[in-house]
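Here is a short briefing to read with the sequence and the model side by side. Have a look at the fold, then follow the notes below.

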Amino acid sequence: MERYKVIKELGDGTCGSVYKALNLETNEIVAVKKMKRKFYFWEECMNLREVKSLRKLNHPNIVKLKEIVRENHELFFIFEYMEYNLYQIMRDRQSPFSEAEIRNLMSQVLQGLAYMHRNGYFHRDLKPENLLVTDDTIKIADFGLAREVTSRPPYTDYVSTRWYRAPEVLLQSSSYTPAIDMWAIGAILAELFTFCPIFPGESETDQLYKICCVLGTPDWTTLPEGMNVSRFANFSISEIMPVNLSDIIPNASLEAIDLITQLCSWDPLKRPTAEQALQHPFFHVGMWVPYPLQDPFQSKPNDMAVEPKLELNLWDFGTEPDDCFLGLTLAVKPSVSDIEMVHQVSQNSREELLLCSGFQERSDQTVMWPIPSLNQTGNVPVKSSLSSSYIVNSQISCPTIGVPQSAGFTISSMQPNLLDRPLVAVSSPFQQSHYL
């Protein structure tokens, strides 16, 4: 440890103390965690859950373990240095987070958590103090209570700080799953809006009472087997009704309220996984056409002989790497006045690729699929009601953007007064790693 110069103490916990230090060889600032117990054999060190999990996990939103040092039977973990934890930021902040800031923070945490669960570990101690922040990057830290998903019960009684402890743990369930991490995520998400814990219990019994005061009486039929429901005997829960979360978190959107409600479910099986939570509308701002829908052919009888044009466009709505969407436009157009024809092949096998002119500057991120003509003669009947004869059922294959080859887009029928504007836009979430 002579290579490291301690600058100051950052915190003191049950298992160890954390210091800010300077690597004298590289001039790099690091965080050094000194374990309180003695370690007499190197195998003891390697068998620690914190060591085993962090050596296996490598993700931008999980704190990086740089080195392990054992010296004079003392064990030191050398971590990358992060400036703050989330609790410090909330404590010192003068104004509430914007929803965009909360969305950015929580999406990063969920990405790290999804990676962790996918690789066989759950954290068991998620709380604002264990989420480290530097600039706009947040990382999950402190894996001292981490366990393998495949590990067998019974588990230790103490997991997580009480305010973020899932009901199945409070009710001393003999087994639990990574869903306990998702409960903690829901509690943290609510706290980011209010800067106050949503379930601030003063004891385990009071913690259950605080949860009931927000969520109401649990449905006993949904609680997993093995829960010690006798712990509810200290207070009457039959009269407790759930509150409207919008009343206690007034600055949260309906999407945020819905996500918190799903994450903080009594039944762990009803909580979304980290990957499912990332697909929630809270993390995806859609784009909708704010016009009433009407049939454009109803007032244009002279266009009856004009062949309608079908277009299918994909584009990336997002401007930030963490805010990407798969946009789909499907429309029937009587003319090509607002559309640029990109490609046309021979008459016998005619195909048209149509690109909306408003997105030409995004052409490098646009994928166009051929839409074959409805017949080869060019004489396509046009009805004002666009009856079920206009069925589009395209089995779309585009492996370069990660869309499953079985994906299909179908319009079974269009009723009168359906289309007024040439474009009807629908947005759906798209993984960050795939760009159009």
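What does the accessible surface of the protein chain come to, and what percentage of this surface belongs to carbon and sulfur atoms? The accessible surface comes to about 22,700 Å², and 52% of it belongs to carbon and sulfur atoms; accessible areas come from the Shrake-Rupley method with a 1.4 Å probe, and for residues only the protein chains shown count as cover. This is a predicted model, in which local features need pLDDT of at least 70, side-chain atom pairs count only at pLDDT 80 or more, and totals for chains, interfaces and linings use all residues. Residues are numbered from 1 along each chain as its sequence is written, and side-chain values use heavy atoms, with hydrogens and water left out.

**The chain as a whole**

- The protein chain has 10 helices and 19 strands; helices (H or I, at least four residues) and strands (E, at least two) are DSSP runs, numbered from the N terminus.
- Of its 436 residues, 45% count as buried (buried means under 20% relative accessible area, exposed over 50%, partly exposed in between, with a 1.4 Å probe and protein chains only).
- Among contacts with a separation of 6 or more, 63% come from residues 24 or more positions apart; contact means heavy atoms within 4.5 Å.

- β2 (16-23) and β3 (28-35) pair in the antiparallel sense over eight bridges; two strands pair if DSSP finds at least two bridges between them.
- Glycine 16 stands opposite methionine 35 in β3.
- β2 and β3 form a hairpin with four residues between them, and asparagine 27 in the turn has a positive phi of about 60 degrees.
- Asparagine 27 counts as exposed, at 59% relative accessibility.
- β3 also pairs with β5 in the antiparallel sense, over five bridges, and lysine 34 has phenylalanine 76 in β5 as its bridge partner.
- Asparagine 72, in the loop between β4 (65-71) and β5 (74-80), has a positive phi of about 55 degrees although it is not a glycine.
- Asparagine 72 counts as exposed, at 66% relative accessibility.
- For background, most residues other than glycine have a negative phi.
- Glycine 13 sits in the loop between β1 (4-12) and β2 and is partly exposed, with a relative accessible area of 30%.
- Glycine 13 and lysine 33 are 20 residues apart in sequence, and their C-alpha atoms are 9.9 Å apart in space.

- An open sheet of three strands has the order β6-β8-β9, with antiparallel pairing.
- Its edge strands are β6 (84-85) and β9 (137-140), each pairing on one side only.
- β8 (residues 131-134) and β9 pair over four bridges, and valine 133 has isoleucine 138 in β9 as its bridge partner.
- Helix α4 (residues 99-118) lies across β8 and β9, at about 35 degrees to β9; axes are lines fitted to C-alpha atoms, for helices over the stretch in contact, and angles run from 0 to 180 degrees between N-to-C directions.

**Helices α6 and α9**

- The axes of α6 (residues 179-194) and α9 (residues 254-263) come within 8 Å and cross at roughly 145 degrees.
- Residues of α6 including Trp183, Leu189 and Phe193 meet residues of α9, among them Leu259 and Leu263.
- By class, this contact has 10 nonpolar, one polar and no charged residues (Ala, Val, Leu, Ile, Met, Phe, Trp, Tyr, Cys and Pro count as nonpolar, Asp, Glu, Lys and Arg as charged, and the others, Gly among them, as polar).
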